[in-house]
Amino acid sequence: MSTEISELLKKALKLSAEERAALANTLLESLETTEESVQEAWDNEVARRILDLKAGKAVTVPWEQLHRELLAMVNER
């Protein structure tokens with residue numbers, strides 16, 4: 001790691017958690033190589049899942065049931 005990057009990192013780590021999160025998001029967004037941002041992709045996925053639920057293509061499972069099923073799967077191993 002270069003001296004310049006080390007200094008930037010030291011300064012960044014002195015920022016508040018909110019400022020560090022904003023900086024991290026900005027840096028990550030600058031690395032995106034596709035036209036669709038990560039947030040847009042998640043928004044589209046959520047919208048698709050909501051439509052699937054409304055159309056009856058997907059069903060929800062109560063947490064208690066899912067938890068029992070996962071525990072059973074783990075115990076079978």
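What follows is a walk through the salt bridges of this structure and a nonpolar patch on its surface.

The model is predicted, with local features requiring pLDDT of at least 70 and side-chain atom pairs counting only at pLDDT 80 or more, while totals for chains, interfaces and linings use all residues. Residues are numbered from 1 along each chain as its sequence is written, and side-chain values use heavy atoms, with hydrogens and water left out.

The count of salt bridges comes to four, a salt bridge being a side-chain nitrogen of Lys or Arg within 4 Å of a carboxyl oxygen of Asp or Glu. One of them joins the side chains of Lys10 and Glu7 at 3.8 Å, N to O. Because these two residues stand three apart in helix α1 (residues 3-13), Lys10 and Glu7 are separated by about one helical turn; helices here are DSSP runs (H or I, at least four residues), numbered from the N terminus. Lys10 is exposed, with a relative accessible area of 51%, whereas Glu7 counts as partly exposed at 38%, where buried means under 20% relative accessible area, exposed over 50%, and partly exposed in between (1.4 Å probe, protein chains only).

Helix α3 spans residues 38-54 and includes Asp52. In this helix Glu45 forms a salt bridge with Arg48, the closest N and O atoms being 2.5 Å apart, and the pair, three residues apart, is separated by about one helical turn. Glu45 also forms a salt bridge with Arg49, with 2.7 Å between the closest N and O atoms, and here the two residues lie four apart in helix α3, again about one turn. Salt bridges that share partners join Glu45, Arg48, Arg49 and Asp52 into one network. Leaving aside its neighbours within four places in sequence, Asp52 is in contact (heavy atoms within 4.5 Å) with Lys57 and Ala58.

The nonpolar patch has an area of about 480 Å² and is made by Val61, Trp63, Leu66, Leu70 and Met73. Patches of this kind are made of residues with over 30% relative accessible area and no salt bridge, nonpolar side chains (Val, Leu, Ile, Met, Phe, Trp, Tyr) being joined within 5 Å, and accessible areas come from the Shrake-Rupley method with a 1.4 Å probe.

How values were computed:
Patches are made of residues with over 30% relative accessible area and no salt bridge: like charges are joined within 9 Å, nonpolar side chains (Val, Leu, Ile, Met, Phe, Trp, Tyr) within 5 Å.
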